[in-house]
Amino acid sequence: MRLDAHHHLWKYIPEDYNWISENMAILRRDYLPGDLKREIKEAGINATIAVQARQTLEETHWLLDLADNNSFIKGVVGWVPLTSPNLEEIIAPFTVSENVKGYRHVLHDEKDDLYMLQDNFNRGIKILTKNNFSYDILIFDRHLPQTIELVDRHPEQIFILDHIAKPRIRKNIYSPWRERIIELAKRENVYCKISGLVTEADWTDWEEFQLLPYLETILKAFTPQRLMFGSDWLVCLLASSYLKWHQIISDFIKPLSPNEQDRIMGSTAVEAYGIYS
C-alpha cells in the first residue's frame, strides 16, 4: 500500500473557509475525490487519509460518507469538540465506523498558545485514548514546548504531528525548531508526517535545497519507523503540484533501504492509523 497520509477535500463555500484569502485563488473551488484520484494515480499512490479542514461535525460526517463511497480513502481524521463535557456521547456513533481513525483540532489558530494544556482538552484526549483513536497535532513551531508537555501527560495515546510542526522555512529559521523537534521525537508514541513544507516556504520562490535541513532533521529524529508521507493536497497547490511534492520526497528517501522507503510511503501510516484493508 502506497499511502498519502494527509489530504483535504471540500465543497468550497467562502464563509466556511474564511482562512482562504484572496491570494489563494487556486483553492477557491470544489475539490472532490475524482480530482484527487487523478493526482494520486499519476504519482503511484493507491490509498489516502482524508483530514478535516473545518471544525464541524458536519464535515466529519461528510468525509466519512466520501470514504464509504471511495475505496481508496482508507481513513478519516475528523473533528469533534474535544473540550465538550458530552464528548463520549458525541463520538459514540464514530466508534462503530471502520473509517474513523482519529481527530484533529486546529490548535495553531487558538488565541491561547496554551490551549492544549487546559483540563477539559486533556480530558478529551483521555477519551480518545480509551476509544483507540489517534490525535493529529496541528501547531506552529512555537507550540512545541507545550506539545511535549501534552504528550508526556498521555503516554498511551498515539499522536501524529502534522507538517513537521510548521517551521519557519520562508525565513530559513532552523533553531529552536530543530532542538525541540528532536526532543519531541524521543516520545515513541509520536509519529510525524512529512507534509506541508512547501507552504511554509515562499510559495513562488522556494528552492528544494531550503527543505533539506528540515527533512534531514526529522529523518534522523523520528527514523523511517515513525515517518509518513503526506501531500497536504490541495493546500500544497499554493506552492507545488502533487506530483512535484511526491517526487521531492521520493528522491529524498532513495538512499534508504527498500523497507525504510516502504515505511515512509505507506507502512508507518498503516500502523499509526490502524488500517487493515
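This is a short chat about the fold and some local features of a predicted model.

Reader: How many helices and strands does the chain have?
Author: The chain has 9 helices and 8 strands. Keep in mind that the model is predicted.

Reader: In what order do the strands sit in the sheet?
Author: The order is β1-β2-β3-β4-β5-β6-β7-β8, in an open sheet with parallel pairing.

Reader: Which strands stand at the edges?
Author: β1 (3-7) and β8 (227-229) do. Each has a single partner strand, so one side of each lacks a neighbour in the sheet. On average, neighbouring strands are turned by 25 degrees against each other, direction ignored.

Reader: Take β4 and β5. How many bridges join them?
Author: There are 4 bridges between β4 (residues 100-105) and β5 (residues 134-137). R104 is the residue opposite D136 in β5.

Reader: And which strands does helix α4 touch?
Author: Helix α4 (residues 119-130) packs on the sheet and touches β4, β5 and β6 (159-161). The direction of α4 makes about 135 degrees with that of β5.

Reader: New topic. At what angle do α5 and α6 pack?
Author: About 5 degrees, with the axes of α5 (residues 144-153) and α6 (residues 177-185) 10 Å apart. That makes α5 roughly parallel to α6.

Reader: Which residues make the contact?
Author: From α5, they are L144, P145, T147, I148 and V151. From α6, they are W177, R180, I181, E183 and L184. They divide into 7 nonpolar, 1 polar and 2 charged.

Reader: Now the backbone. Where are the cis peptide bonds near 15 degrees omega?
Author: One runs from S175 to P176, and P176 lies in the loop between β6 and α6. Another runs from W233 to L234. L234 is in the loop between β8 and α8 (242-252). For context, most peptide bonds are trans.

Reader: What is phi of N132?
Author: Near 60 degrees, a positive value in a residue other than glycine. N132 sits in the loop between α4 and β5. N172 also has a positive phi, about 55 degrees, and lies in the loop between β6 and α6.

Reader: Is N132 buried or exposed?
Author: N132 is exposed, with a relative accessible area of 73%.

Reader: Last one, the whole chain. What is its radius of gyration?
Author: The chain has 17 Å. A compact globule of 277 residues would have a value near 19 Å, so the chain agrees with that. The C-alpha trace spans about 45 × 40 × 40 Å along its principal axes. Buried residues make up 57% of the chain.

Technical notes. Residues are numbered from 1 along each chain as its sequence is written. This is a predicted model: local features need pLDDT of at least 70, side-chain atom pairs count only at pLDDT 80 or more; totals for chains, interfaces and linings use all residues. Side-chain values use heavy atoms; hydrogens and water are left out. Two strands pair if DSSP finds at least two bridges between them. Helices (H or I, at least four residues) and strands (E, at least two) are DSSP runs, numbered from the N terminus. Axes are lines fitted to C-alpha atoms, for helices over the stretch in contact, and angles run from 0 to 180 degrees between N-to-C directions. Contact means heavy atoms within 4.5 Å. Angles under 35 degrees count as roughly parallel, over 145 as roughly antiparallel, 65 to 115 as roughly perpendicular and the rest as oblique. Ala, Val, Leu, Ile, Met, Phe, Trp, Tyr, Cys and Pro count as nonpolar, Asp, Glu, Lys and Arg as charged, and the others, Gly among them, as polar. The radius of gyration is taken over C-alpha atoms; the globule rule is 2.2 Å times the number of residues to the power 0.38. Buried means under 20% relative accessible area, exposed over 50%, partly exposed in between (1.4 Å probe, protein chains only).
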